[in-house]
Amino acid sequence: TKATEKLHLDKIRIESANGQAVDCEWAYGKPKDDFPGMADTMFLSNSPTLDYTFNNAGSYVLRLKVDNGESVGFHYYELRVQAGFDEGYLILCNDEEGKGSMAFVKKRSPQEEAEGAQEVWEDLLATINPSYAFRDLRDVYVFSSSSESGVLITSGDEEGSIYHLDPSSLEVTFRLRAMDEYGTRTGRILGEKTSRGHYSYVIGDDGKAYRYEFASDLLAVRQTPYPVKYGYQSYYANTVQGTRVPLMFSESGVVGFPNSNIKGFGVPDGYEVINAAGTRVGTEEYYVIARSTAGEPRKVQIIKSNSGISSQSTVLEYDESRPMLIDRNSTMVPTKVSNNIYYNYDDKIYHWAMLSVTPTLPAEGDRPDITLPEGERIMAICSNAMPSTSATTVDDDLLLIATYNPAATDRKPGSLYIYNLKTLEQVKKYEGICEKPVAVTYKFPTSN
């Protein structure tokens with residue numbers, strides 16, 4: 001059976017040789033020693049048939065006890081509860097009162113589609129973790145390496161909770177309280193995989209960068225040369241493998257962590273950072289968009305940095321004759337499909353031809369690549385990138401757009417729209433499946 005799906009057993013024939021009535025008792029527990037050893041036994045039902053929904057994935061021992069008044073018999077069954085959440089899309093949400101939730105859209109196999117298997121779960125956090133009161137959730141991140149895999153969620157609740165979830169069951173395995181340790185709350189999560197290990201960085205409300213150690217569930221502050229407020233998640237792939245590298249910035253400068261070292265650079269005097277992005281394949285480089293703070297018209301600079309954050313050069317400088325259609329809250333999404341960077345601005349999707357001869361930004365009057373249905377506000381976007389795949393595998397061909405419609409009355413306000421990045425055509429939509437989104441991510445199959 002699969003987690004959150006009902007197990008139904010009604011084909012077991014129970015009879016008593018003496019004609020006496022038979023009492024039944026179903027129970028289950030975790031395996032202990034040799035089969036049918038059980039631990040932490042939980043009662044399920046006294047019915048001859050069994051209907052029960054298991055919330056957590058794992059291996060269990062299922063026991064049926066039968067009693068006819070003269071003798072007692074026990075029958076044992078090995079039970080494997082599969083997660084069912086191995087691959088799909090996670091949408092992190094909050095309602096108007098700040099209560100957190102997380103919807104899941106499963107990527108179904110052709111067989112599951114033919115069988116009409118469940119595709120959407122509106123709130124897995126509450127279903128699987130009923131003992132936690134999730135509030136003011138901020139970001140969600142999926143990680144996987146040879147040594148550890150899981151899901152990380154940040155929040156802005158009173159304790160600055162950071163939740164570490166099991167990758168298969170989505171059960172909370174650890175809750176870290178950032179307010180107790182550093183007196184701050186955290187938000188944006190940016191992953192890093194290097195030759196030294198696999199970590200994630202979280203941006204604190206105090207403008208500092210913190211590294212979350214997956215194996216030990218520890219949070220460590222990292223001293224950066226510039227304050228950090230915003231972040232770009234780099235997905236870079238060479239011909240052998242892919243990696244994720246975090247890039248953070250504030251108005252005054254950019255911070256990177258090449259192979260866990262801390263590097264940074266500022267923008268020219270009189271300029272401020274607007275946003276940043278990086279190459280997906282080819283030579284690993286980063287491109288920073290900076291704009292002058294005074295003068296008419298404003299000037300825009302495109303500044304290129306190498307992957308080691310040790311060398312920068314100005315690729316282009318031009319007058320902002322029309323206002324740029326981008327800001328610091330735009331999420332930059334690279335793809336192997338093209339050299340374009342796709343991003344959100346003013347509830348529309350635009351692209352930046354970052355590697356073109358003249359990489360100017362879309363400006364007022366330019367046509368967007370994607371326009372959502374009337375009333376849909378874009379809250380978060382991402383691709384279906386598999387971080388570890390090489391440049392030769394083009395697997396990030398979808399753009400996920402999580403939206404909020406405050407005027408929706410006959411359904412939930414949150415929706416997910418999926419577009420093909422090759423054609424920019426909508427391929428699927430899931431309207432009214434969640435509360436107000438704050439983040440969306442691809443839940444790729446993890447290695448353990």
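Q: In which strand is the place of Val72?
A: Val72 sits in strand E6, residues 72-81. Strands (E, at least two residues) and helices (H or I, at least four) are DSSP runs, numbered from the N terminus. The model is predicted: local features need pLDDT of at least 70, side-chain atom pairs count only at pLDDT 80 or more, and totals for chains, interfaces and linings use all residues. Residues are numbered from 1 along each chain as its sequence is written, and side-chain values use heavy atoms, with hydrogens and water left out.

Q: Why is Val72 called partly exposed?
A: Its relative accessible area is 46%. Buried means under 20%, exposed means over 50%, and partly exposed lies in between (1.4 Å probe, protein chains only). Val72 therefore counts as partly exposed.

Q: What makes Phe35, Val72, Phe74 and Tyr76 a patch?
A: A patch takes residues with over 30% relative accessible area and no salt bridge; nonpolar side chains (Val, Leu, Ile, Met, Phe, Trp, Tyr) are joined within 5 Å, like charges within 9 Å. Phe35, Val72, Phe74 and Tyr76 form such a nonpolar patch on the surface. Together they have about 370 Å² of accessible area. Such areas come from the Shrake-Rupley method with a 1.4 Å probe, and for residues only the protein chains shown count as cover.

Q: What makes strand E10 mostly covered?
A: Strand E10 spans residues 137-144, and seven of its eight residues are buried.

Q: How do you know that E10 and E11 pair?
A: Two strands pair if DSSP finds at least two bridges between them. E10 and strand E11 (residues 149-155) have seven bridges, in the antiparallel sense. Phe143 stands opposite Gly150 in E11.

Q: Which ring pairs link Phe143 into a cluster?
A: Ring pairs join Phe143 with Tyr141, Tyr212 and Phe214. Rings of Phe, Tyr and Trp (its six-membered ring) pair if their centres lie within 6.5 Å; planes under 30 degrees apart count as stacked, over 60 as edge-to-face, and the rest as tilted. By this rule there are 19 aromatic pairs.

Q: Why is the pair of Phe85 and Phe104 called edge-to-face?
A: The ring centres are 5.5 Å apart and the planes stand at 80°, so the pair of Phe85 and Phe104 is edge-to-face. This pair links distant parts of the chain, 19 residues apart: Phe85 is in the loop between E6 and strand E7 (88-94), Phe104 in strand E8 (residues 100-106). Phe85 is buried, at 0% relative accessible area. Phe104 is buried too, at 0%.

Q: Why is the pair of Tyr132 and Tyr163 edge-to-face?
A: Their centres are 6.0 Å apart and their planes are at 90°, so the pair of Tyr132 and Tyr163 is edge-to-face. Tyr132 lies in the loop between helix H2 (124-128) and E10, and Tyr163 lies in strand E12 (residues 161-165), 31 residues apart. Tyr132 has 29% relative accessible area, so Tyr132 is partly exposed. Tyr163 has 1%, so Tyr163 is buried.

Q: How do you know that Arg211 lies over the face of Tyr199?
A: A charge sits over a ring if NZ of Lys or CZ of Arg is within 6 Å of the ring centre and within 35 degrees of the ring normal. Arg211 lies over the face of Tyr199, at 3.8 Å from the ring centre. Lys436 lies over the face of Tyr404, at 4.8 Å.

Q: What makes Glu159 and Arg177 a salt bridge?
A: A salt bridge needs a side-chain nitrogen of Lys or Arg within 4 Å of a carboxyl oxygen of Asp or Glu. For Glu159 and Arg177 the N to O distance is 3.2 Å, and the side chains meet in a salt bridge. Glu159 is in the loop between E11 and E12, and Arg177 is in strand E13 (residues 172-177), 18 residues apart. The whole structure has 21 salt bridges.

Q: Why is Glu285 called buried?
A: Its relative accessible area is 17%, so Glu285 counts as buried. Glu285 forms a salt bridge with Lys304, with the closest N and O atoms 3.7 Å apart. Lys304 is partly exposed, at 26%.
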